[in-house]
Amino acid sequence: MIPEDILKNKNRVHNLDELGLKLYSHISENPGKRIAFWGHTYQTKKLIIDFEKMLGNKFIPTYVIDNFKHHENCFLDRIPVISFDEAEANKSRFDLIVIMVDSPSIYTILEQISSSSLSDKNAWMVHRDTNPLNEIEFSSICKEAQTSLVKEGVVWYTTEQNWYCCYQYLKQVASLEGDVAEFGVFQGGSAYFMASVMKHLKIDNKKKLFLYDSFSGLSEKDSMDYFEEGSFSSVRSSEQLKKLLNKFNQIEVFEGNFSDTLPISGLKKLALAHIDCDQYSPTKYLCEYLYEKMVPGGIMMFQDYPLGIAYGERIAVDSFFKNKPENILFGYDGAAFVIKR
Ligand SMILES: C[S@@+](CC[C@H](N)C(=O)[O-])C[C@H]1O[C@@H](n2cnc3c(N)ncnc32)[C@H](O)[C@@H]1O
């Protein structure tokens, strides 16, 4: 029998993205904490490699625990793979257990931990195979926003997966200094959703939501861009957008080319930037302008980074971050994001 408090454990993480963000903050605040990973999988490998790149010596993976015997005694040629019994015997050598396994195994592992000497360890768990879009809090905000937008006749181009990332990243930056901004608003789909989440998290009185768009569609394209000039020109005006969002606090709408409106919009510090403008030149401009405005731990999201046919945004992001200490990471929506150091 698994104790109720373990099943409802506050350390239950909903998906790999959330785990990554949570672990990153935790290690940044507690460098040197020793971590044992439970689960000998590709995802564990990727997470460890990413974190070693990002955090260097602050990140100390000590063991990989696995209930099954593996042909490898060492993970990534350097981290010992140990059994549950060995983990108990060596429990003084790690401070935190991160469990990354599929749903059926997680309950077995929780039972094992709760009836062992490892029960006093801090353990975070993620079901690798859950669908985060069904998470109750997210799905109710999402459905409510979709219903209101449809009622108002608003069309939007962002996916539920992208909204899910906006939701997670907003939670992640909630306690940081700085405002939130979107670059490429169109008729206000993702903006409405972000405003709803900010209201839900009660950060709408502390953070402004700055919204920037020409409302006349994309500008002239570069050779690596796909969409023609004028694509995504909205049939709805900035006035209609303001009306749509007037039930939310602290919304600021700026109409015009980013390079004209951004410098005069009063934006000082940014905790989250949702960048969705599809093309090379505006993305390059935004990377250059916003980088210094991002607070440490703040997140820049690049919505169109994985667009197969439109390489502009990806090329702009890759070349800007080539010589920067930050890594380009990938979210649940498949798009890129960067956490400012
Ligand atoms: C794909 S749409 C944004 C979709 C929106 N986030 C949604 O949820 O539906 C891209 C938007 O970027 C805007 N845009 C692109 N380049 C711009 C620039 N240089 N200045 C201002 N707006 C720009 C376009 O007007 C267009 O509305």
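## Handedness and the pairing of helices 11 and 12

A crossing is called left-handed if the near helix is turned anticlockwise from the far one by less than a right angle, and right-handed if it is turned clockwise. In this predicted model, the crossing of helix 11 and helix 12 is right-handed.

On the helix 11 side, the contact involves Y280, T283, K284, C287 and E288, which meet G312, E313, I315, A316, V317 and F320 of helix 12. By class, this contact has 6 nonpolar, 2 polar and 3 charged residues.

## Helix 6: dimensions and following residue

Helix 6 comprises residues 136–151. At 1.5 Å a residue, its 16 residues should span 22 Å, and the end C-alpha atoms are 23 Å apart, which agrees. The helix is followed by G153, whose phi is positive, near 75°.

## Helix 6 against helix 7

Helix 7 consists of residues 160–173, and its axis comes within 11 Å of that of helix 6, the two crossing at roughly 120°. Helix 6 and helix 7 are therefore oblique to each other. Helix 6 passes helix 7 in a right-handed crossing. Helix 6 contributes F138, I141 and C142 to the contact, while helix 7 contributes E160, W163, Y164 and Y167. The classes represented are 6 nonpolar, no polar and 1 charged residues.

## Helix 6 against helix 8

Helix 6 also packs with helix 8 (residues 189–200), at an angle of about 135° and with the axes 10 Å apart. Helix 6 and helix 8 are therefore oblique to each other, and helix 6 passes helix 8 in a right-handed crossing.

In this contact, I141, C142, E144, A145 and L149 of helix 6 meet G189, Y192, F193, S196, V197 and H200 of helix 8. The contact has 7 nonpolar, 3 polar and 1 charged residues. I141 and C142 take part both in this contact and in the contact with helix 7.

How values were computed. Residues are numbered from 1 along each chain as its sequence is written. This is a predicted model: local features need pLDDT of at least 70, side-chain atom pairs count only at pLDDT 80 or more; totals for chains, interfaces and linings use all residues. Axes are lines fitted to C-alpha atoms, for helices over the stretch in contact, and angles run from 0 to 180 degrees between N-to-C directions. Helices (H or I, at least four residues) and strands (E, at least two) are DSSP runs, numbered from the N terminus. Angles under 35 degrees count as roughly parallel, over 145 as roughly antiparallel, 65 to 115 as roughly perpendicular and the rest as oblique. Two residues are in contact if their C-beta atoms, placed from the backbone, lie within 7 Å. Ala, Val, Leu, Ile, Met, Phe, Trp, Tyr, Cys and Pro count as nonpolar, Asp, Glu, Lys and Arg as charged, and the others, Gly among them, as polar. The expected span of a helix is 1.5 Å times one less than its number of residues.
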